[in-house]
Amino acid sequence: MTKWHILTLTGLLALSTHATASIGETSALFTASSTSSASRLTGATFTPKVAPVVTPTVTARSISLNWSEVKSTQEVAYSVTRTGPVGTTSQVCTGPNSITVSPGSIQCVDTTAISGVSYTYSQQPYLNISNSTPWSLTTSSPSSTVTAPRLSYIDSGPDVSSTGPAVTVPYPSTVELGDLLILIAVCGVNKAPAIPTGWNQVVSRGVSGQSNAFLLVAWRIADGSPAPGLDPRSTGSGTSARILNYGRFQGNLANPVIATSGVVSGKATASTSFTPSPDIVTSGSNAAVISIVAMSAANSPTLSTPRGFTQRISQNLTPGSGSLGLGVADTTVAVAGGSTASPTWTQSGTPRDWIYATLAFR
Amino acid sequence: MKTINKSMLSIGGGLLALAAAGALTIGATFSLFSASDSSSASAFATGTVAVGLGDSASVTCNVTEMSPGDSSSGAATGSKSLDKCTYNVKYTGSLPAWLSVGVTVNSTGTNLYTAAATGLQFYVKNGSTSIIDGVNYKVVGGANTPVTSGVTVEHILLNETPVQGPNSRSFDIDYLLPLLAPNALQGGTTSIELTFNAVQSANQPLGSCVAGRQCNSITWS
């Protein structure tokens, strides 16, 4: 609705000026005018007004990028830029359906990152209108730096248990040829299970007494062989086993190898908190360092001081008559030759002796 | 009263003349016979020049969050999905009059209107008479001239023969934000308002003025 302002000028004043005009002294006329209300038009804006910063995360074989959604009256699209060594830039997350929008959150995957290279990411929201000059926000600040790994944790196969006969330990469904497979078996008795054929043992440690338990770790490269059968050699207390898949990052064609001259493993007396020692020293760049702990109780081992590690497994197991705890965490170490600070683990309940191992692969 | 009664005048006049003669004789007083009359009053009334509300309600726009390509239904191009603005007004005076309209485009802060082809465009019409076409209006000679933001375009003539009230006028205000509107216009704001003018046509020859162009040869206020 409109409110109009009406101004009407008539009457005696006009009459008198009209009369004087007739004798040629002044020129004034009957007039009237009306002015409309002002119509107002405003251009679109974005919410928020500052482009959100990208959070890069190594996920499976690629780098996942996430940031908060930006809204406007039209569909908002995003231009994602990757900055690599010496400032080289390239567009990523291009093409149809390359960016996923879920309420409040945007995600895309950098499918062209190269193992061993460090990147930052930024994004610029713009109105997705065909054939238009894009209306956009200023490009976001750069993300934190992320280094594309050679190997990254993808997932774990299911846990299987046995108190007697050999049991098949299934592969994770994500395994591809050339991936690094790590078999972890935890026993409720201080006795090593048999190493399956084709697997390379790296850790075989046990403790006796009240903390009676055993940790066996072996690895191999995925080559299409059938899933291994594990003989637990542990009647009564049982053995629990699973296979972890550390997949090769996209474009990495090198076979995984051990990346340390000294795998760390051992046992430590019962305590609530524990930091494996010594710190492992990597022998190759961009190595995956894996910390494993186990104990003879369902004490849910968790990282209390991660020191850059990401926890992958914190599990309580009951393969036989007793309970066990298992924890696995990992990190990527870019530079070779230095020691990598171990994370600190904590177990709940009544503390039991720790069995631990620290490995490195690349 | 214009009529004079002559019989009464003759009788009274004899008596008064006699008395006056006696007085002159003794030299004490002196007076004259006299009479007066008033005409009927002549009446003078003015005609009027006035404007009022139109026959239907006007529509004042408040268009927010315009994106490149957005336009109103009567715009030249664009989405044509938005409602146009209207200004409905009526000349109600009794005197024959010339009518004109003025246009003011304005802004505070970032201006969507840039007086260029990539900025906000306006299409202001009164029936078939174009007042603003994109960014241009026509000056007296007919040349297209860009509207300058903040400067009122005055006196675009609407009629070449005088009109008497009631005479309704409806102005359509359509708009377009072109696809190539630059990013700098993001969040900009522009307003537009019209001023409808009427002036008596008597004693004001139109000269060479043409409807749809500025007319400055007559006095509008």
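In this predicted model, the largest nonpolar core comprises 67 residues. Within this core, A:L65 and B:F122 have the most contacts. Strand 4 of chain B (residues 97–106) contributes the largest share of the core, namely 5 residues. A second, separate core contains 28 residues, including A:L180, A:I182, A:I184 and A:L317.

The surroundings of A:L65 were examined with neighbours within four places in sequence left aside. On this basis, A:L65 is in contact with A:V54, A:T55 and A:P56, with A:V80, A:V92 and A:C93, and with A:I106, A:Q107, A:C108 and A:Y121.

Chain A contributes 41 residues to the contact and chain B contributes 58 residues. Between them, chain A and chain B bury about 4,000 Å², of which 56% lies on carbon and sulfur atoms. A:F30, A:L41 and A:W135 account for 20% of the area that chain A buries against chain B, more than any other three residues. On the side of chain A that touches chain B, at least two residues each are supplied by strand 1 (5–9), helix 1 (12–22), strand 2 (31–35) and strand 3 (39–43) of chain A. Across the interface of chain A and chain B, 25 residue pairs are in polar contact, with both residues at pLDDT 80 or more, whereas 0 salt bridges are found there.

Two buried charged residues without a salt bridge were identified, one being A:R150 and the other B:D70. A:R150 is located in the loop of chain A that lies between strand 11 (146–147) and strand 12 (151–156). The nearest side chain of opposite charge to A:R150 is that of A:D179, at 12 Å. With neighbours within four places in sequence excluded, A:R150 is in contact with A:S115, with A:G247, A:R248 and A:F249, with A:N252 and A:A254, and with A:S285, A:N286 and A:R362.

B:D70 occupies the loop between strand 2 (62–66) and strand 3 (85–91) of chain B. For B:D70, the nearest side chain of opposite charge belongs to B:K80, 13 Å away. The side chain of B:D70 instead reaches the backbone nitrogen of B:S67, at 2.8 Å. When residues up to four places away in sequence are not counted, B:D70 touches A:Q74 of chain A together with B:E65, B:S79, B:L82, B:Y175, B:L176 and B:L177 of chain B.

Methods: Residues numbered from 1 in each chain as written. Chains lettered and ligands numbered in written order. Predicted model: local features only at pLDDT ≥ 70, side-chain atom pairs only at ≥ 80, totals over all residues. Heavy atoms only, no water. Core = buried A, V, L, I, M, F, W, Y, C linked by side-chain atoms within 4.5 Å. Buried < 20%, exposed > 50% of the residue type's maximum accessible area, 1.4 Å probe, protein only. Helix = DSSP H or I, 4+ residues; strand = E, 2+ residues; numbered from the N terminus. Contact = heavy atoms within 4.5 Å. Lys, Arg positive; Asp, Glu negative; His and termini not counted. Salt bridge = Lys/Arg side-chain N within 4 Å of Asp/Glu carboxyl O. Buried area = accessible area lost by both parts, 1.4 Å probe. Polar contact = N/O pair within 3.5 Å; in protein donor to acceptor, adjacent residues only side chain to side chain.
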